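User: Please take me through the structure below, and tell me for each term what stands behind it.

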Amino acid sequence: MYKVPGRIKNKNKETLQQMASFNKKKFRFSDWLAEKVIKAVAFLSIAVVILIFIFVFREAFPIFKMDSKSAAPTETLVQESYGGAETENSKVKTVDNKIASSNKKQTSSDKPSTSLFSNTWMPVSDNPRYGLWPLFLGTLKVTLIALLFAAPISILAAIYTAMFAKPRIREIIKPVIELLAGFPSVVIGFFALMVMATVLQNIFGYASRLNAFVGGIAMGLAAIPIIYTLTEDALTAIPKTFIEASLGLGASRRQTAFYVILPAAVPGIFAAVVLGLGRIFGETMIALMATGNAAMISMNPFDSVRTLSATIGAEMAEVVFGDTHYNVLFLIGSLLFIFTFALNAVAEFYFKNVVIRKYQSKK
Amino acid sequence: MDDYKVKVKDLSLRYGTNLALKNISMDIPEKKVTAFIGPSGCGKSTFLRTLNRMNDLIDNVTIEGEVYIDNINIYDKNIDVVNLRKKVGMIFQKSNPFAKSVYDNIAFGPRINGISQKSVLDEIVERSLKQAAIWDEVKDRLFHSALSLSGGQQQRICIARSLAVNPEIILMDEPASALDPISTAKIEELIHELKKEYTIIIVTHNMQQAARTSDLTALFYLGDLIEMNRTEIIFSNPAKKQTEDYISGRFG
């Protein structure tokens with residue numbers, strides 16, 4: 001016979017009641033500590049980003065304040081130093097002061113900030129000019145070429161693995177392409193410099209061996225894994241019921257892929273391309289090694305170019321600390337920062353708002 | 001020789017090594033409603049999906065036996081599955097309209113068949129929606145997203161969508177199981193209308209639904225076809241004890 005369990009013994013009952021009493025707030029130390037630590041770490045990472053932001057902008061700012069192209073007089077030159085942000089801060093201050101004082105005794109009426117819009121980038125000549133247009137144009141050209149190369153390839157590859165490939169093949173292709181993301185960009189750059197440049201020159205027969213085209217293709221290689229992975233995720237996130245519905249209506253696999261899945265995944269693919277764009281935009285090492293680094297204004301994709309990021313990479317090591325040139329490089333840095341920030345923000349918000357509102361809000 | 005639309009002979013289906021359907025044979029008449037009932041996991045949905053080769057999408061499925069539709073074995077090597085599915089439409093348990101407008105949902109089928117003339121599409125859309133008894137409800141919002149409709153309306157949009165490709169057979173996999181009683185009644189009414197022109201095969205958990213809508217009923221249990229007969233007979237005077245037990249709720 002089933003026996004009803006007796007009442008809990010009085011003593012145990014009291015302790016249980018004590019444990020479960022909710023009339024008084026109980027302080028739980030480990031919970032409190034964990035929460036605070038996590039909070040601190042989160043804010044620290046945000047703070048680091050903001051501080052970098054501020055630092056880069058602060059270093060770029062004098063370019064608009066200065067009236068002279070000759071920034072720091074020779075006697076105030078500070079030994080150039082790299083890294084070590086803590087020590088730099090103090091030095092920067094003194095340099096700034098000296099620049100400020102030097103500004104008073106400037107003689108030339110040429111403002112360096114006006115030369116930013118000129119067509120020449122010649123920072124180390126006797127008459128330095130800091131025209132950013134050739135750099136902008138170069139970056140734009142390389143980015144465009146890279147994107148035109150990478151986006152179709154990675155999107156088609158993603159469609160293939162998501163829609164057509166047999167599971168076995170898919171399990172090989174996907175990790176292999178994703179492995180490409182782990183390739184150090186210097187290796188891709190080296191490959192572009194030594195192998196691709198020669199091969200492509202032999203095929204297309206253009207004049208300069210290293211140019212926007214070679215650089216663009218190499219940077220496209222770096223962007224393919226990003227665009228591919230995100231596109232593949234976007235495609236496989238489309239509910240299976242869509243696929244069944246479409247096939248059930250007598251659509252072929254191709255029709256299902258291009259008329260049902262692809263349109264539904266467009267926002268995700270857009271986000272993937274924008275993030276890939278960010279990668280290409282900020283890519284330095286490949287640009288440095290494979291684009292030829294000649295800052296000139298030309299629409300020909302087979303001319304050498306110099307990108308914004310490669311300019312920083314190449315010149316920051318040789319620039320006079322606190323010089324106008326130094327400030328201009330930081331200005332370029334801030335511009336890169338703003339662009340990538342904007343791109344990522346667009347990808348993030350567009351993706352979140354449009355995709356989720358359109359496809360996930362209803363059930 | 002005979003007027004059966006669908007003839008199944010010794011059909012067995014395996015998921016990997018797991019035998020999900022065991023030697024099923026049955027004949028399904030034209031322009032009637034045939035209902036499959038049985039407890040969950042008995043293979044009735046799997047069987048339904050073999051009739052338009054939807055199981056091809058699942059890996060690891062092996063199928064033996066023959067399924068004849070209009071006296072053609074659809075598991076023959078030369079069968080064009082795409083055209084087969086145009087002839088044998090399917091409605092799923094969960095309504096699955098595309099994230100497009102109502103119009104584009106209905107026009108999807110005709111469009112993939114190469115119809116692009118606006119007037120023809122308009123006509124097909126209107127006819128299909130009317131057939132699915134939802135025209136009056138959506139005629140003013142044809143260009144609104146189909147996802148903004150209610151669940152019952154979405155399901156009827158799905159039915160209209162499959163009618164737009166002119167199928168001869170419509171497979172329905174628990175079409176009303178996620179719907180409220182009013183929407184369910186509308187779907188059942190619709191099935192009653194549609195059987196004048198289409199051969200309908202419906203899987204349902206709801207025995208009253210099978211009794212109300214179907215002309216024939218087949219009971220599945222653990223991959224076996226237990227009994228198939230006219231619905232009145234199944235529900236009043238079944239030949240097997242198992243059927244009687246199931247419909248009176250004693251097992252399953």
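This is a predicted model: local features need pLDDT of at least 70, side-chain atom pairs count only at pLDDT 80 or more; totals for chains, interfaces and linings use all residues.

User: Which residues lie nearest the centre of the largest pocket, and how many line it?

Analyst: The lining of the largest pocket holds 26 residues, and those nearest its centre are Ala162(A), Met163(A), Ala165(A), Arg253(A) and Leu57(B). Two or more lining residues come from each of α5, α6, α8, α9 and α10 of chain A, and from α2 of chain B. The volume is about 750 Å³, where volume means the space filled by probe spheres set on the grid points.

User: What makes up this lining by class?

Analyst: It has 14 nonpolar, three polar and nine charged residues; Asp, Glu, Lys and Arg count as charged, Ala, Val, Leu, Ile, Met, Phe, Trp, Tyr, Cys and Pro as nonpolar, and the others as polar.

User: What is the packing of α6(A) on α8(A) called, and why?

Analyst: The two helices pack at about 140°, with their axes 8 Å apart. Angles under 35 degrees count as roughly parallel, over 145 as roughly antiparallel, 65 to 115 as roughly perpendicular and the rest as oblique, and therefore α6(A) is oblique to α8(A). In the contact (heavy atoms within 4.5 Å), α6(A) takes part with residues including Arg170(A) and Ile173(A), and α8(A) with residues including Tyr228(A) and Glu232(A). The contact residues divide into five nonpolar, two polar and five charged.

User: How do you know that β1(B) and β4(B) are paired?

Analyst: Two strands pair if DSSP finds at least two bridges between them, and β1 (residues 4-15) and β4 (residues 61-69) of chain B have eight, in the antiparallel sense. Lys7(B) stands opposite Tyr68(B), and Arg14(B) opposite Thr62(B). Eight bridges also join β1(B) to β2(B), again antiparallel, with Tyr4(B) partnered by Pro29(B) and Val6(B) by Ile28(B). Two residues lie between the strands of this hairpin, where Gly16(B) takes a positive phi near 65°.

User: Why do β2 and β5 of chain B stand at the edges of their sheet?

Analyst: The order of this open, antiparallel sheet of four strands is β2-β1-β4-β5. β2(B) and β5(B) each have a single partner strand, so one side of each is left without a neighbour in the sheet.

User: What makes the pairing in the six-stranded sheet of chain B, and which strands are at its edges?

Analyst: This open sheet has the order β6-β7-β8-β3-β9-β10, with mixed pairing, and the edges are β6(B) and β10(B), each with a single partner strand. Neighbouring strands are turned by 15° against each other on average, direction ignored. Helix α6 of chain B packs on the sheet, touching β6(B) and β7(B), and its direction makes about 170° with that of β6(B). β7(B) and β8(B) run parallel and are joined by five bridges, one of which sets Ile169(B) against Thr199(B).

Terms used: Residues are numbered from 1 along each chain as its sequence is written. Chains are lettered from A and ligands numbered from 1 in the order in which they are written. Side-chain values use heavy atoms; hydrogens and water are left out. Axes are lines fitted to C-alpha atoms, for helices over the stretch in contact, and angles run from 0 to 180 degrees between N-to-C directions. On a 1 Å grid over the protein atoms alone, a cavity is a set of points where a 1.4 Å probe fits but cannot get out, and a pocket is an open set with protein on both sides within 12 Å along at least five of seven lines; lining residues have an atom within 4 Å of a point.
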